[in-house]
Structures are given as structure tokens and as C-alpha cells.
Amino acid sequence: MNETELSTRYDPAEVGKRWYDYWLEKGYFKAKDADARPPFCIVIPPPNVTGSLHVGHALDNTLQDILVRHRRMSGFNVLWMPGTDHAGIATQNVVERELKKEGLDRHALGREKFLERAWKWKEEYGGKIIGQLKELGASCDWDRARFTMDEGLSRAVREVFVRLYEEGLVYRANYITNWCPRCHTALSDIEVEYSERNSHLYEIAYPVKGGEGRLVVATTRPETMLGDAAVAVNPEDDRYRAFVGKTVILPIAGREIPVVADSYVAMDFGTGALKITPAHDANDYEVGKRHGLPAMTVIDKNGRMENVPERYAGKSREECRKMIVEDLKEQGFLVEARAHKNAVGECYRCKTTVEPSLGMQWFVKTAPLAEAAIRAVERGDVEFVPKSWENTYFEWMRNIRDWCISRQLWWGHRIPAWHCADCGHITVSRTDATECAKCKGKNIAQEDDVLDTWFSSALWPFSTLGWPEETRALKTFYPTSVLVTGLDIIFFWVARMIMMGLKFTGEPPFRKVYIHALVRDAEGKKMSKSKGNVVDPLTLMMQFGTDSLRFAVCAMESQGRDARLSEKRIEGYRNFVNKLWNASRFVLMNVGDYKGGADVTKLKLTVADRWILSRLQKTITQAQDALENFRFNDLANALYSFTWGELCDWYIELAKPRLANGDAETARAVLVHLLDNVLRLLHPIMPFVTEEIYHKLPGHGESLMIADYPKPDAKFVDAEAEGEMETVMEIISSVRSIRQELNIPHSVPLRAVVKPRDEQGAEKVRAHEKSILALSKAASLEVSTGAQRPPQSATAVHAHSEVYVPLAGLIDIGKERERIEKELAKVKKELAALDKKFEDENFVKNAPPEILEKDRNSQSELRRRAGGMEDSIKWLGP
């Protein structure tokens, strides 16, 4: 094969591996800690070490790779920092499942042996997703890859914890937390996901001591009544004022509990009387503290009943609820049970219903940290894109609660605190303590709990660069340039990184945060295994090629809208890859002995040359603007439209006669210039196919990875050439459309008559006669400012000309009009039915979004078809 010749078929798998290995070998992904070029840095949102590439990763990392490849080509010293997260709960669950297969559990194995198994699992399987990211084309500086539990990051975690503790911003307290009975650990508030469930609201009568009536309370969780410490009413509620200070008898248990007045109670919920269970509800716990009530735990860490009458002991929460309701009914205490919908909290990891549980936990006092983080966004030190996400950020930050950072796990950063058995003091230390800091006793034991995974992730932008050391990398690349992430972790991660970055470096961790869409299926539905609509990006990459998938996710990424991914869409972009490949083959087959590098401005350019070079400049401007403003869909659309719609469909077709007739020198130079620029523009999105083609170009450089990204050049902008070619293309398109809409076979010759607005326009049209005839497939062309519309002619009217195509003798005009009118009536009937649906307010209000969008698309398509048919009827004349 000739060195400038492409194979007839593009093989994405072979090409992808070959060029990725080449880039690694050349070290193109590596950043320099000391460099004269301006720095650009992105830290990868570290995927879980247990993870496998999913569509969210494909979107997130493709967008980051587009940004970093563009910046490298634009002369920046680029660092894309990779790494993985230890994923506390997820990894521990995986290892425990492995142990279960062997008939073991972690407690039988012991902490030290369990951690050995966890590290072994991480070394064997934890790098899977890194390999998958490489298949996607991610150009990270892999030599710098970090792990949230590696030695350097572990030191940073301990330093941050100790400093916060020394400043009183980390504390330990007995408090209500969200407890997962399945994962056996506390969860922070944002690790709890709420789903609406059909439940019941139970009204239960609590007799007043001494036979003075009864108080009826309302609850959705009757099983917790066994831990009740009081009944509370609002002090402003006249219905219950007389009951305050009295005692009621707790049904079933028979205990006496007080009636207290507290403004927390909502008078309009249920009966207005609220049972208070301090050990199993965060709000009840606060009420209990205000009134000095005891906190009695009745549900253990496994979600089973304890400290209750023997009949209920050991039962699950759900079993106990049924039993309690039956017993209340039997004993005459159940007043009513009515259907009720309520939001139930679930563990974000395993979906088990969480249990508010009382216990000693470690917390970060977040309010002081949040104040600085709020100011940073208000001042513009950190900018959210789209800006609307700032409101979401502010709302959460202004209502932030202290962060529970302790987790009852073994896999993770063990809290650096040592409890003294002699004096009870807690020693918090940067190094492993050997004695109590207070009494100097040796009888100390380290805290069993580990830190929340998100604690170490919050330090990621600066810990990965060497903090707490003042490294050269930290000085060069921090603050980082931009963070690209999904809306689902704004609170888990983004807000906490801003708080920690400001606290420990005095600078925000990044200047911009781009919040991308969530990926949904083709119908706009959330992907889930239960629905069977999960799309596997690895399968898609094998089926359609990595470049096709990358272009698809770029094209569907529109600010403020969820992304819809379908195989059909990716297949469409595979067609685009093939179009680029075939167009490149044509160019390379026609370069002859051209060596490349010619200054096209010094060549004798035709109007078509000037037009395409002008269009290229506008496309470059659009691409640069889209990249600077994170408008990824605009970037993809601009490059797609130019490459397919202008270069392939028009310019290459216009150039073919010149290449065939010996007028090739300028056409070759312009084609190579255009292809070179198109490959550079497309490379950040489609790195593999562009690199393969680039190395076949005459005069190509070492790699597109280090080639210059095109910059707009005003000298190429040519409004006159664009205007002239617009007229020519309108004429060609009109003749093509008339043939297509009226079903005139290509074997039937057409005569085209053009009536320009003035003689100057006529001269310009005549100058393009050969191109018009060749591309429109017309047999003859007449151009005259005095042309009259021939009888029975199809007509197209444009700003600068009218186009007539005589039809007499070509088709049976009467039958064709009848056929089109019949089809038009059918289309209008369908359109009227859809219009009527959208006039129905109930339909618009209640129909699922995916149905609305589908019907709106159908409505637009029917209108387009109707318009085309009406034009055809006009063309046919009276």
C-alpha cells in the first residue's frame, strides 16, 4: 500500500490500540512540573476501585479528554491527573462476598487479615477500570496515578483530620445518624436516597393516667413506640393545652411517659400530638435533649428489635410493625390506619431502608467551612457552568448540617484517635500514638472506625499534587483549571472539595466546575438494571468504534438537558467516521506528487476555494468558542456540519472535475489544507481515526497530539465568495429537490432555467455553469434576467434568483398532483390529531416527558413533510 493510501475499510480496534500505545511510548500525556507554557490541570473524578466503565464514565471522561487534548494542541502544559477511589463500603462488600463463598466472615478473619485480603483484591482487580479508560482514549498522565489510600494521600488525610480536630472543627458525640443495617455503618445525610412509598398513617390512643381521657398520636412507624419517651404537643395548640404536664400510659409496654409542649410539633399533621422516640429519630432526639428525656434504643444495628417485650425481640422492623398493629387493634388502642405516602430513606449503596440510630460518631463542624465556600462562589472565584447550578449549591450550603465522617468499616482511613482505658482521654495524633497524651498510660487502643470515603476525596485536588508538602507540582497546577462532573455529586464531592481546598490551601480547588448531564436511554428514561435499558459503553465501543461513541456523547451533551443515548445515534456517528474516512481516501488518492505545506493564500484560488476556506475559518471560530464555553454539542454540530455538509457534500464534489481535467494543483493543495485542519479540529473528539488519517497526509507532523489546534485567521474570511456560492448551491439544491420530490428518475434529463435578480448575478451564475450542471444532474442551463416561467414548470424562489424546471412531457402532472394531494391530506389528518392532543392541557400536564418529546418530534416532522408537499403542488402549477 502506498504510504499516502488508506485501506478501504477503517478498523477501529486495531487502529485504536496501535495509536494509544504510540502516544504512551512518546510520552505525550506527560505534564512537566516546571515549564514555561501556561498550566492547565484537571483532576479526574476518581472512579471506585470496584468499578467498571459505565455510560456516565464514558460521558464524563470523554468531555475531560476533549478539553485536555484541545489545551495540549493550544500550547498548554497539560496535566490530567488520574487515580482511583478506595470506595469504602463498596470494596468491603465485595471482599465480604468473596469471604462468604469460603464460609468465612470478616469478624472470624480479624481486622488485619481482612485488610490483607482487601489489598490483595485491590491489586488483582482494582485496575480494571483504568484499562477501560485507556480503551476510551483517556490521555491522563498515567505515571502520576494516585489511589486515595496510597501513602502520600493517607498522610494528607491524617494531617487534615488532626488540624481540624486541633481547631475544634472535628468532634465526637453521641448523636442520631443514618444507619445502614446491611452495610453496618453510619451514613451522612447525602448518602441517604429517598423514595416515595405507599404506607399507612396510624392513629394510636395513649390513655391519660388516672382515667382523664386519652391522647391520640399519629405515626408511620408504630414499631418504634416501644422506645417512646414522651408525647409532645405544640404549646399554641388549644386542643391539648390542658394535657401538658400530665402523664400518659404507653400502650403495650405499660410505661408512664410525660406530655411535653414543644414548638417543633406541627399542629396540622396527623392529630397534632406526636410520639417522641429520641433514639430513633433525629428531630425527636433534639426534642428529647430540650426536655431531658431518656433515649431508649429498641432497634439494634441489624435492624432487629431489642430492649422490648419478649414477644417482639429479634423480629425485623417490618415483622414487628405488623405484630404491633395487630396487638393495638386487639387491645383497642388503634383508632385508625389510613393510606399514606411518605418518603423513606435508603442506603445509596445497597438500597436497604436506613435506621436513625443513636451512637458515638465523629463529625466535622461544617458551618465555618461552608461560609468561606459560599463566598468563593459569590465572588466568582469558583464559577459553575451552567450557572443555574450555583443556586442548588447555595441552597444546600446555607442549610448544611454537620458532617458525620465516621464509618463502621475496616477498609478505609482508620481514624487517628487513640482511646485511653485508664483516664478516658482521646489522643489524636499525626503519628501512631504509643501512650495517652494526658496520663501517659500505655493502655490505649486506636479507634475502630474509618473515615467516610468522601473525606479523602474532598482533598483530591491538592493531595494528589503532593500536599501537605509544598511541591513544585502543587505550585504549578493548583488551583486546577476546571472540574468536570455530574450533578449527582455536587454535595458529595464538589462542595466538600471547595470547603477543604479553601481551608487548607487558601485557594479554591478549581476555577470552574462544569456540571454535565445525566445519561438516559433513547426514550429519556433513567437507565437501570431492573428496566433492562442499561447501555454498556464497552460493547458499544466494540460494535461501533470508540471514536463513534465519543462523538455521540459529545454531540448529545447540551447544557441544562439530560443526554439521551441510543445505538441508532451512535450508528449515525459511525457513518460520520466512515464518511471522513472515505473522503480522506479520495483526497489522498488524488494528491499525486504534492508534498504538502503550500501557502494556499499564494495560489490562484477559485470562488469555490475562497468559499470553503472562509467557511473553514467560521467553523474554527465556532469550535474555539464552543470549547471555551463548554458547549460540547455546539462543537460537535459545527464540525459535523462543516465536514459532511460543506467539505464532503459540496467542495469535494466541486473539486472532482478539476482533479479529473488537469486543473489539479490548487485543488490538491486546498483539499490537503482543509483535511489537515479538519483532522486537527476533530482530534480532541475522535483521536484515533484522525491520527490514522493524519499520518497519511503529505507533509504531516509527528502526531496530532502535539500539532497546533487551528486558530481563526481573518484573511481567509470572504463574504463575497460565500454569497456567490450560496446562490450557486441554492440553484443546485432546488433542481435536486424538484427531481426528488416529484419522483423524476435520474435517467430523465432536466432543463434548468435561472432568472437572477440582476445582470451581475447572472454573470456569476454563468461562471459556475459547469458545476451547476454536474452537481444538479441537469442536462442544460439557461441563465437570463429576463427569463419567463415556462408553462408547467416547477418553481423555486430564492433571495437572489428564481429557478424553473419545465415538467411538460416528463411526468403526468395531473396524476402527480393528485398523488401528492392525497398524501398531503393523510399527513394533515395525522398532524391535526397531534395538534388536538397538545391543545389538551391535561395531556400536556400529565403525559410522561418522553411521550411529549416523541409527539413533538412527530409533529415537527409532519409539518416539514406537509410543507414539502405544498411546495411540490406549487411547483406543478395550476
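Predicted model: local features only at pLDDT ≥ 70, side-chain atom pairs only at ≥ 80, totals over all residues.
1. Four strands form an open sheet with mixed pairing, and their order across it is E10-E11-E9-E12. At the edges lie strand E10, residues 247–249, and strand E12, residues 273–276. Each of these two pairs on one side only. On average, and with direction ignored, neighbouring strands are turned by 35° against each other.

2. A parallel pair within the sheet. Strand E9 covers residues 230–233 and strand E11 covers residues 256–261. The two pair in the parallel sense, over three bridges. Within this pair, Ala232 stands opposite Val260 of E11.

3. The helix on the sheet. Helix H8, residues 282–291, packs on the sheet and touches E11 and E12. The direction of H8 makes about 85° with that of E12.

4. The largest nonpolar core. This core has 223 residues. The residues with the most contacts inside it are Met397, Phe455, Met500, Leu635, Tyr651 and Leu807. Helix H20, residues 632–660, supplies the largest share of the core, with 13 residues.

5. The surroundings of Met500. Met500 is among the residues with the most contacts inside the largest core. If neighbours within four places in sequence are left aside, Met500 is in contact with Val160, Leu164, Trp403, Phe455, Ala458, Leu459 and Phe462. One of these, Phe455, is also listed among the core residues with the most contacts.

6. The second core. A separate nonpolar core has 29 residues. Tyr202, Met305, Cys320 and Leu328 are among them.

Note on methods: Residues numbered from 1 in each chain as written. Heavy atoms only, no water. Pairing = 2+ DSSP bridges. Axes fitted to C-alpha atoms, helices over the stretch in contact; angles between N-to-C directions. Contact = heavy atoms within 4.5 Å. Core = buried A, V, L, I, M, F, W, Y, C linked by side-chain atoms within 4.5 Å. Buried < 20%, exposed > 50% of the residue type's maximum accessible area, 1.4 Å probe, protein only.
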